[in-house]
Amino acid sequence: MWWKEAIVYQIYPSSFKDSDDDGVGDIRGIIQKLDYIKSLGVDAVWLNPIFKSPNDDGGYDISDYYAIQPEFGTMADFDELLTGLHQRNLKLIIDLVLNHSSDEHEWFQQSRQSKTNPYRDYYFWKPGKGDQPPNNWPSFFSGSAWEKDAATDEYYLHLFSRKQPDLNWENPKLRDEVHKLMKFWLDKGVDGLRLDVISAISKRTSFPDTDTNDFNETIRKYYSNGPRLREFISEAREKLWNKYDVVTVGEGPGITPANALDYLDEKRGLNMIFHFGHMFMDQGPGGRFDPVPWTMKDFKQVFKTWNDTFADRGWGSVFLGNHDFPRMVSRWGNDGQYREQSAKLLLTLLLTMRGTPFIYMGDEIGMTNTILDSVSQSKDIETLNGWAVASAQGTSEATFLKAANYAGRDNARTPMQWNTSKHAGYTSGVPWMPVNKNYQWLNVEEQDQRETSILNYFRLLTTLRKANNVFSHGTYHPIETAPNIFAYYRERAQEKMLIVLNFSDQVTNLPEEVHAAQKVKVIGNYTDDALQMLRPWEAVVYKRN
Ligand code: TEU
């Protein structure tokens, strides 16, 4: 099971590298950077969706599951990318969006034509209640999760945007279609499937109103963990996945420590899930744009809870950022005075935790959040829809913009910063999204040649993790410490590693237990040793004697 020891690098294709100067990243751009990816010491690439799409939601609205998005290139380009990855002993995990399709998909174009169309039940259609939607479910992207369609005077369900109608997995014909499209890509030799919002594919077909105003509670109780979720996952595994050497990673908003193992087992379930315990921790009842303070106590508790969940069974993924969340150094670290130290500290956490680490492109050089000066600069439907609802409710743009700049997805989607040339070497065209202005000093080329850069520290960490499988397979034992100190042991057979992370701007004492321990420093983000103190954002990995 290669994926238990693997380190995965996530690429958001639109923003990675543009090879044909149309201002949008593409597959040939990734091919140009294969040696860079290999140089990181990672083992696999998770590629966000590359399929034909009207791009209403960054490619998560697929209109043809068998075709490459023309802006990204051709099927021949995809085949060349896959070959190029495999030649470098790198695996490819593709991102399939099976909870919903685009409304421009042929299936939906047929389905909406009439109530008797053979594709009608590929989606969920219901009459309204008077002039109201069938129930009170809110969309992830603001507003109702139902859209009225004039052609048949009924509403269709869309948990996300109105251009992302939910697929009806109750319909065996639809499930067969989904298995067929998965088989197409598995036969091409991809090594993994990241399954978008897989936790929501089984609907409570009575469509009861939600009884809570807390959005994440609505996800847990009404959208995810539906009555046939295990059945649909097991059917795909038994009919298809078991026939291939493929890792399946389920994106599981709403999956909890209590039910995660229901969906994870080698024979009948997924191999891994992305849980969101830490990622939704600072979201208030209103969701993403309703930020609430978070504490290190909660943050550490999330890691303990999920390590306990997967201690004996199942397998976890570990991530601190991706295309849906702000840059990790801005969110969890200090992207100002201590950007370099805190970026290295966060990478140390990622690469010393139990479970498969997923690193988001650009986090290996400590890329930071961007600042929108007005909401109109956003390219993200989640932000734009959020603003439309908030402004209609009287929220000022300044207030909404503060939340969007703190929590919005635009933060993670600015182009990769390669060098100091125009647009950071990402494109010679006009970038679809402005490059972060700090690329002049924050870029791959500068860090590649500086020994103590974040990039080279990351490379040391991947080497360390691969050389010591105590990190991937060892047990996890947190140490009780001051709130901002995150310290834990990793143990396997005779090997014992001790990791200490100072999540603060303050100099602080080394926890007594750590100070007293017989140990040898293995790696740290300060070049010298402070012995009894921890400097701001200091990360140290010790090998216990
Ligand atoms: O995200 C689904 C999801 O539940 C959240 O993790 C995500 O933060 C979302 O933006 C709601 O806030 C997946 C994809 O990762 C995301 O990019 C897509 O927009 C979404 O599904 C719909 O396909």
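This briefing describes the surroundings of a ligand and then some strands of the protein.

The structure is a predicted model, in which local features need pLDDT of at least 70 and side-chain atom pairs count only at pLDDT 80 or more, while totals for chains, interfaces and linings use all residues. Residues are numbered from 1 along each chain as its sequence is written, and side-chain values use heavy atoms, with hydrogens and water left out.

**The ligand and its shell**

- The ligand is surrounded by 20 residues, each having a heavy atom within 4 Å of it, and the closest are Asp57, Arg288, Asp324, Glu382 and Arg409.
- By class, this shell holds 8 nonpolar, 3 polar and 9 charged residues, where Asp, Glu, Lys and Arg count as charged, where Ala, Val, Leu, Ile, Met, Phe, Trp, Tyr, Cys and Pro count as nonpolar, and where the others, Gly among them, count as polar.

**Polar contacts and cover**

- Among the polar contacts (pairs of N or O atoms within 3.5 Å), a side-chain N or O atom of Glu382 lies 2.7 Å from an oxygen atom of the ligand.
- A polar side-chain atom of Asp196 is 2.8 Å from a ligand oxygen atom, and for Glu251 the corresponding distance is 3.1 Å.
- Of the 480 Å² of accessible area that the ligand has on its own, the protein covers 98%, with areas taken from the Shrake-Rupley method with a 1.4 Å probe.

**Strands**

- Strands are DSSP runs of E with at least two residues, numbered from the N terminus, and two of them pair if DSSP finds at least two bridges between them.
- An open sheet of 3 strands has the order 6-8-7 with antiparallel pairing; strand 6 (125-126) and strand 7 (146-149) are at the edges with a single partner strand each, so one side of each has no neighbour in the sheet.
- Strand 7 is joined to strand 8 (residues 154-157) by 4 bridges, and Lys148 stands opposite Tyr155 in strand 8.
- Strand 16 (residues 475-479) and strand 17 (residues 485-492) run antiparallel with 5 bridges, forming a hairpin with 5 residues between them, and Tyr476 stands opposite Arg490 in strand 17.

Key
A polar contact is a pair of N or O atoms within 3.5 Å; within protein, one must be able to donate a hydrogen and the other to accept it, and residues adjacent in sequence count only if both atoms are side-chain atoms.
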